[in-house]
Amino acid sequence: MKDMNIAWARDLARKTLQDALPRRWEHSLGVGRRAEQLAPILGKDAELLIMSAYLHDIGYAPDLVDTGFHPIDGGRYLRDVHGADELLCKLVAHHTCAEIEADGRGLLDILRDEFPKQRPDLVQALTYCDMTTSPDGVPVEAVDRLAEIRQRYGPDDLVTATIIKATPCIMSAVRAIEERLALADERPGGTAEIVADAQSHRAVHPKLLNLVPAYPAHLA
């Protein structure tokens with residue numbers, strides 16, 4: 001990715017979102033910072049994941065709207081306008097269990113044809129960062145983030161129906177990253193600060209026990 005690095009991704013997200021959608025920019029900034037905290041478990045993939053975190057919601061920008069589904073629109077913009085790394089585009093297109101909402105919007109075939117899913121481990125990491133960051137860019141528990149989305153969109157919106165359906169997928173991703181963070185802390189050079197943050201998400205919140213069925217394996 002010549003001349004494309006974390007600073008480039010953060011600046012592109014800022015230029016695209018800050019004026020048009022300032023709250024979406026604050027969220028993206030927070031998700032990027034969250035991703036930076038995962039560097040100890042990501043190794044050589046850290047830069048790519050952090051870039052995708054800053055850029056994951058870029059498709060919300062009014063000037064970029066095409067299908068109206070921001071993961072696809074963001075992936076297309078990065079691919080077609082900037083010639084971004086193929087995997088970066090795919091991470092943006094698939095963040096936070098995007099296949100579920102794409103299916104509800106009749107866009108699943110387009111998503112899969114244009115952006116075949118790769119590196120589920122990085123998709124999980126990006127989902128974790130997104131779903132443990134509030135709309136204002138503040139770290140939150142995933143269960144509270146899910147509740148906020150349902151409240152913001154209301155009971156009759158497609159996004160609410162989608163987020164309920166996607167909750168097992170989302171919580172599975174959150175737990176997977178927490179486990180990796182905990183294992184990293186047990187090794188020499190582990191980062192206690194990151195694991196302390198992860199511990200706040202470790203237990204399954206009681207609200208979720210009656211909200212969703214067991215995580216379906218086909219969503220891994």
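Where is Cys169 found? Cys169 lies in helix 11, spanning residues 158-186 (helices being DSSP runs of H or I of at least four residues, numbered from the N terminus). The model is a predicted one, in which local features need pLDDT of at least 70 and side-chain atom pairs count only at pLDDT 80 or more, while totals for chains, interfaces and linings use all residues. Residues are numbered from 1 along each chain as its sequence is written, and side-chain values use heavy atoms, leaving out hydrogens and water.

With 10% relative accessibility, Cys169 counts as buried (buried is under 20% relative accessible area, exposed over 50% and partly exposed in between, with a 1.4 Å probe and protein chains only). Its C-alpha atom is separated by 6.5 Å from that of Cys97, 72 residues apart along the chain. Helix 11 also holds Thr162, which is buried at 9%. Beyond its neighbours within four places in sequence, Thr162 is in contact (heavy atoms within 4.5 Å) with Ile100 and Glu101.

Turning to charged residues, the structure holds 19 salt bridges (a side-chain nitrogen of Lys or Arg within 4 Å of a carboxyl oxygen of Asp or Glu). Asp136 pairs with Arg23 in one of these, the closest N and O atoms being 2.8 Å apart. This pair links distant parts of the chain, as Asp136 sits in the loop between helix 9 and helix 10, and Arg23 in helix 2, 113 residues apart. Asp136 is partly exposed at 45%, and Arg23 is partly exposed at 42%. Glu86 forms a salt bridge with Lys90; Glu86 is exposed at 54%, whereas Lys90 is buried at 5%.

Definitions and conventions
Helices (H or I, at least four residues) and strands (E, at least two) are DSSP runs, numbered from the N terminus.
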